[in-house]
Amino acid sequence: TYTPQQPALTRGRGFFPRQQDWIDALVWDLQDLRVAPRDASGFMDYSGHPVYSALLAEGPAAVEALLRCLAVDYRLSRCVVPAGPWACSRRLVPVRDIAYDLLTRIFGHDDFPPLPPFNSLAPHTRARCEEQARHMGAWWRRNKDLSPAQRAVRAWADDLPFSEHLFKEGT
């Protein structure tokens with residue numbers, strides 16, 4: 001577990017002796033993301049934030065830490081979005097939502113069920129997040145040895161009724 005003194009990017013990669021320490025520090029710093037929605041729909045593009053970009057650059061090495069974050073991290077970021085299209089009220093974005101977004105970008109695959117609305121006190125919300133992390137982790141273990149292009153082809157082929165001849169194991 002990482003206990004911060006300064007943000008990871010301020011300290012720099014060289015401060016952390018192991019890659020996993022660096023990744024854990026970056027995941028901790030997801031709580032400090034400040035990104036505004038692009039439009040009234042609430043669409044958030046985190047890719048311009050340096051912490052998000054650093055985790056994305058770590059790629060597959062960051063997957064396990066992000067899956068843990070998705071399953072058990074109930075912190076809030078500093079990103080504020082409308083509660084709904086054209087809503088006057090606002091809500092903070094949970095760190096787990098940013099971890100989910102990062103995972104789908106690293107996987108190159110986003111055909112997963114959406115996360116439940118944020119309510120960290122509800123047992124069903126926690127159970128669904130843990131289940132989602134298990135589901136995404138199982139998908140990753142099945143597909144991590146494929147290139148991003150092969151993962152994309154497999155995801156596309158899985159949607160077709162006649163896909164078994166399009167993409168066979170080991171090709």
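Which way does H2 pass H3, in a left-handed or a right-handed crossing? I began my notebook with that, and I note that this is a predicted model, in which local features need pLDDT of at least 70, side-chain atom pairs count only at pLDDT 80 or more, and totals for chains, interfaces and linings use all residues. Residues are numbered from 1 along each chain as its sequence is written, and side-chain values use heavy atoms, with hydrogens and water left out.

**Entry 1: the whole chain**

I looked up the elements and found 7 helices and 2 strands in the protein chain, where helices (H or I, at least four residues) and strands (E, at least two) are DSSP runs numbered from the N terminus. Read along the sequence, their pattern is α-α-α-α-β-β-α-α-α. Of the 171 residues, 44% count as buried, a word that stands for under 20% relative accessible area, with exposed being over 50% and partly exposed in between (1.4 Å probe, protein chains only). I also noted that, among contacts between residues at least 6 apart in sequence, 53% join residues at least 24 apart; contact here means heavy atoms within 4.5 Å.

**Entry 2: H2 against H3**

To settle my opening question, I recorded that H2 passes H3 in a left-handed crossing, a term used if the near helix is turned anticlockwise from the far one by less than a right angle, while clockwise gives right-handed. The two helices pack at an angle of about 145°, with their axes 10 Å apart; axes are lines fitted to C-alpha atoms, for helices over the stretch in contact, and angles run from 0 to 180 degrees between N-to-C directions. From H2, the contact is made by Gln 19, Trp 22, Ile 23, Leu 26 and Val 27, and from H3 by Val 51, Ala 54, Leu 55 and Glu 58. By class, I listed 7 nonpolar, 1 polar and 1 charged residues for this contact, taking Ala, Val, Leu, Ile, Met, Phe, Trp, Tyr, Cys and Pro as nonpolar, Asp, Glu, Lys and Arg as charged, and the others, Gly among them, as polar.

**Entry 3: Leu 55**

I then followed Leu 55, which is found in helix H3 (residues 50-58). Is Leu 55 buried or exposed? Leu 55 counts as buried because its relative accessible area is 0%. Leaving aside neighbours within four places in sequence, Leu 55 is in contact with several residues, including Ile 23, Val 27, Ala 62 and Ile 106.

**Entry 4: H2 against H4**

Next I turned to helix H2 (residues 19-28) and helix H4 (residues 63-72), whose axes come within 9 Å and cross at roughly 35°. The crossing of H2 and H4 is right-handed. Here Gln 20, Ile 23, Asp 24 and Val 27 in H2 meet Ala 65, Leu 66, Arg 68 and Cys 69 in H4, and by class I noted 5 nonpolar, 1 polar and 2 charged residues.

**Entry 5: Gln 31**

I found Gln 31 in the loop between H2 and H3. Leaving aside neighbours within four places in sequence, Gln 31 is in contact with Arg 75, Leu 76, Ser 77, Arg 78 and Val 95.

**Entry 6: Asn 143**

Last, I looked up Asn 143 in helix H6 (residues 123-143). Asn 143 counts as buried because its relative accessible area is 4%. Beyond its neighbours within four places in sequence, Asn 143 is in contact with Arg 151 and Arg 154.
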